[in-house]
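Subject: Structure handover

Dear colleague,

I am passing on the structure we spoke about, together with an account of what came out of it. Please have it open beside this message as you read.

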Amino acid sequence: MVKEMTGAEMVVQALKDQGVGCLFGYPGGAVLPIYDALFQQDQVQHILVRHEQGAAHAAEGYARSSGKVGVLLVTSGPGATNTITGLTDALMDSIPLICITGQVPTHLIGSDAFQECDTVGITRHCTKHNYLVRSIEDLPRVLHEAFYVAQNGRPGPVVIDIPKDVQFATGAYIGPQHIEHRTYKPQLFGDAAKIEQAVAMMAMARRPVFYTGGGIINSGVEASRLIRELVALTGFPITSTLMGLGAYPASGPNWLGMLGMHGTYEANNAMHDCDLMIAVGARFDDRITGRLDAFSPGSRKIHIDIDPSSINKNVKVDLGIIGDCTHVLRQMIEVWRHRGCKADAGHLESWWREIGVWRERKSLAFKPSDTVIKPQYAVQRLFELTKNRDTYITTEVGQHQMWAAQHFHFEDPHHWMTSGGLGTMGYGLPAAIGAQLAHPEALVVDIAGEGSILMNMQEMSTAVQYDLPVKIFILNNEYLGMVRQWQELLHGGRYSHSYSEALPDFVKLAEAYGAHGIRCSDPAHLDEAINEMIQSPKPVIFDCLVDKTENCLPMIPSGKAHNEMILPDTDEDIGAVIDSKGKMLV
Amino acid sequence: MNAPSAPLSPYSSALGKSNLEVHTLSVLVDNEPGVLARVVGLFSGRGYNIESLTVAEVAHGEHLSRITIVTSGTPEAIEQVGHQLERLVPVHRVTDLTLTGGAIERELAMIKVAGRGEDRVEALRLAEAFRARVIDASIESFVFELTGAVAKIDQFIELMRPIGLVEVSRTGVAAISRGPKAM
């Protein structure tokens, strides 16, 4: 189908042809033609954010909760530079985004024109790929190729920088059929011989563990179904990174909880003592491994990843399988069945007994209180009161994020959106807006801290404008809690600039935005207040005043191994646990 | 349980600097704007070394360029470099010519030497021994053109230094595998 149209019309047409239902953006001089084309149609909904960073995180929330590509549209110069944090976030967490940026007309490029910046130069390091479209002839191909690159292989953000004259120019539009990239062809199926080898290793394993990550979520719902099937077939225990929560249900019998710096005692000890680790779509991040040279010293390791550069990057593995999780897991299940494999039941039983002892330590326990709301208790109550609904959780970054990961239990993939790799404060509210757009009927809650929420608070206006009833559940301890915790552990309790002074009255702030505000400081009234939040048809800011100095535990201190965790019932001076080398780490 | 193994990270083992190797990588890329910046940015962003880099279009019709990079690092780090390069969207192929073995590496250098009397004669004599060509001459100077392996050029430059070396321009290494097959 060849049709004459302007560059701006091509952008909108390509969005329609790619099945994009909504995009997030902010207009400006260099994208006016595209905004004009958007105005003249009603198939693609545009959501006006209040800051371009919000557009990027909203697109991420939309993408993560729906499995589709998130799209944002911003102007040149500051419009583009304001997206950098969101693009980097999406790159670190492998989220498919298309970011369309306006650019000054081609004849002005390089002249330091008004609102000009070198967008492709600046975004080269924080995108999977980017394009500057210098001619209308290239535009249709680039638009569709960008969608291909964003979604295929390891997903990621792609920037398309379109000068204003190209938006005005007229050319022949070509649809998305026959888009095949010249060079970028990721491997989807695992090598058959390696699958056989992996299955043989699994059948022989005595102390196996599955270590799963965000790659399973990115691969699609089918990958989550398959990992559940493989876990059921083998009877192996399974743990997950922060990004992979929900792939295996938290209520499942083989679930060990999250692993890593704030993971459970049983998950980290299982990783440390296993004899076979099967990493699926996880990347051995430093928050997972702890001290590298003491990481799971006695195990053989299988690593399944779509990105060949992930394999042997941080941890050398014995068997690397390149491929998409869905395909590789299916191949493994087929071979396991076909060969009539059986797990080593005797050894597995004693392995589970050992895990049972670790579980008994109840590493997520905390001291309950009748007088003050414990942040963990707040998350627990939120979970209990929302678990029978279709609930999507986003978070900001810090202690509340870890408490959410520990105490909110996910049964399904795509219901948990958090900034894992980059650790972006200010992610949660815009991400919740994106998730709510993708799931209008669902309950979407941003579990936040009073510090993080102020970073993108302006997006409350967006939520109110589009009747998106997102709930912001602030665990307000009046501290940048994770900073405060590290200062307590590592810097002699010198709380340098970590106290949240001059906080706004969040209830009045909610009302100022036209939303609903709730405050609660009494554990006895918490359930009632949470129910009020759930029942409200409006966006809600819930100011939950919690214990100010609660630490987030358990914790693997910096520079320590998985079996050297600080547990909640540890009485020793936890500051003394970390040596000078550990203090150097982040 | 098996015996604990040695540190496994390419980075932790790189701290020892004991097993640093020099490898030559050939990278075939689409010749599009910014592709060199992507490659160079990858090296600087991830802290890899570039000892030498050459680039030129090698197939005009197909807009293909070939980049030859000489890098140093532990074997694990160099394996990572290859994978990271392959991740770049406009990259067609990456070959570690040092791993595949037996590649031919050549560099071209232009070397300016100034002097009078006996020094001029000595410079010419050495140039002849190294098969360097004189491509510019004045009463008090020569410019030599020398092609060869890196070590040969290094050696020639060292010999010229006491005679009156003025400046050097080198292309960096270009490399190709032996035998009938492409990379």
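Predicted model: local features only at pLDDT ≥ 70, side-chain atom pairs only at ≥ 80, totals over all residues.

Taken as a whole, chain B has 6 helices and 9 strands. Its radius of gyration is 20 Å, well over the 16 Å that the globule rule gives for 183 residues, and chain B is therefore more spread out than a compact globule. The C-alpha trace of chain B spans about 75 × 50 × 35 Å along its principal axes, and buried residues account for 28% of the 183 residues in the chain. Of the contacts in chain B between residues at least 6 apart in sequence, 73% link residues at least 24 apart.

**Where chain B touches chain A**

The contact between the chains takes 25 residues from chain B and 21 residues from chain A. On the chain B side, the elements that supply two or more residues are helix 2 (35-46), helix 3 (75-87) and strand 4 (91-96) of chain B, and helix 3 of chain B provides the largest share, with 7 residues. By class, the residues on this side of chain B comprise 8 nonpolar, 11 polar and 6 charged.

**A parallel sheet in chain A**

In chain A, 6 strands make up an open sheet with parallel pairing, in the order 11-10-9-12-13-14. At its edges are strand 11 (255-258) and strand 14 (319-322) of chain A, each of which pairs on one side only, and neighbouring strands of the sheet are turned against each other by 15° on average, direction ignored. Strand 10 (residues 238-240) of chain A pairs with strand 11 of chain A in the parallel sense over 2 bridges, and A:S240 is found opposite A:M258 in strand 11 of chain A. Helix 9 (residues 192-204) of chain A lies across strand 9 (208-212), strand 12 (276-280), strand 13 (300-305) and strand 14 of chain A, and runs at about 135° to strand 14 of chain A.

**One residue of chain A**

Finally, I looked at A:R64, which sits in helix 3 (residues 52-66) of chain A. A residue is called buried once 20 or more other C-beta atoms lie within 10 Å of its own, and A:R64 counts as buried because it has 30 C-beta neighbours inside 10 Å. Setting aside its neighbours within four places in sequence, A:R64 is in contact with A:I95, A:H414 and A:M417. The C-alpha atoms of A:R64 and A:F408 are separated by 18 Å, with the two residues 344 apart along the chain.

With best regards

Conventions:
Residues numbered from 1 in each chain as written. Chains lettered and ligands numbered in written order. Helix = DSSP H or I, 4+ residues; strand = E, 2+ residues; numbered from the N terminus. Rg over C-alpha atoms; globule rule 2.2 N^0.38 Å. Buried ≥ 20, exposed ≤ 12 C-beta atoms within 10 Å, placed from the backbone. Contact = placed C-beta atoms within 7 Å. Pairing = 2+ DSSP bridges. Axes fitted to C-alpha atoms, helices over the stretch in contact; angles between N-to-C directions. Nonpolar A, V, L, I, M, F, W, Y, C, P; charged D, E, K, R; others polar.
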